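Please keep the sequence and coordinates at hand while reading.

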Amino acid sequence: GLACSVYNVMGDFFKGTSADQDPRFQNKQKLLLSKMKFPESFSKRVDMKEVNLDIIKPWITEKVTEMLGFEDEVVVLFTFNELEKDRFPDPRLMQINLTGFLEANTKVFMEELWDLLLAAQESLSKIPPALMQKKEEELRLKKAEQERIDEEVRRKQREVVRTMEEVRRKREEELSQAQDKEGEEMTHRHRERDSDRHRDRRDRDRYRGHRDRDRDRDRDRDRDRDRDRDRDRDRDRDRDRDRDR
């Protein structure tokens, strides 16, 4: 069938013989081209000099991976080569060459790819509007993500500042409480010192009062004793005088 013919063509292709050198390849290729139906857009030529292929390559990679269900660098590079080897690639031959890889998905893939290439060469930027919009959307999303990241960074910075402010305020409160406590303790010590001073002064005054009273009492006692002694002496003198008479 057609698939077997394609695989045979691909087999011959990968053996290293070019289509120009192998008449069998050319004959099989012409046979396939005559049997297959292609989209109307394939009748329009694409000048690859008018296409920014680097922008389209990521789409090719993504699409091939999606259709195969896994990443296949060989198929991707083969597709790139098909577009780069000639200035005006033939989409029909590309579809035939890719059928051995993408199988039933080849037609859809080539039709979408060719539409992108046609749109690219008609654009002043050499970029398909659809991919341009996608690129703009990616840039918008990237910018939005960057803004989100920046806002998250600013939020965390605000949190750090707020946390540092809370730590500073807490330290100030603790310092203030410590100072208040120290002030209260100092006041208490001053009060105790004043109380001790008052008690010592009171005790000194009491002792001085007792001492003064004792001294006055001793002085009065000494004065009474002296008076009694003087009186006794005067009495003895008077008695002696009376006896002498």
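Arginine 237 is partly exposed, with a relative accessibility of 42%; here buried means under 20% relative accessible area, exposed over 50%, and partly exposed in between, computed with a 1.4 Å probe on protein chains only. A salt bridge is counted when a side-chain nitrogen of Lys or Arg is within 4 Å of a carboxyl oxygen of Asp or Glu. Aspartate 234 and arginine 237 are three residues apart in helix α7, so about one helical turn separates them. Helices (H or I, at least four residues) and strands (E, at least two) are DSSP runs numbered from the N terminus.

The model is predicted: local features require pLDDT of at least 70 and side-chain atom pairs pLDDT 80 or more, while totals for chains, interfaces and linings use all residues. Residues are numbered from 1 along each chain as its sequence is written, and side-chain values use heavy atoms, with hydrogens and water left out.

Two further pairs can be read along helix α7. Arginine 235 and aspartate 232 form a salt bridge with closest N and O atoms 2.7 Å apart, and both lie in α7, three residues apart, about one turn of the helix. Arginine 235 is partly exposed at 43% relative accessibility, and aspartate 232 is partly exposed at 31%. Aspartate 222 and arginine 225 are joined by a salt bridge of 2.8 Å, N to O. These two residues also lie in α7, which covers residues 129-244, three residues apart, about one turn. Aspartate 222 has a relative accessible area of 30% and arginine 225 one of 44%. By the salt-bridge rule the count comes to 26.

Which residues touch the most other members of the largest nonpolar core? They are Ile56, Ile60, Leu83, Phe109, Met110, Leu113 and Leu117, out of 32 residues in that core. A nonpolar core is a set of buried Ala, Val, Leu, Ile, Met, Phe, Trp, Tyr and Cys residues joined through side-chain atoms within 4.5 Å. Helices α3 (53-68), α4 (73-84), α5 (91-102) and α6 (106-122) each supply at least two residues of this core. The largest share, eight residues, comes from α6.

Leaving aside neighbours within four places in sequence, methionine 110 is in contact (heavy atoms within 4.5 Å) with Phe42, Pro91, Met94, Gln95 and Leu98.
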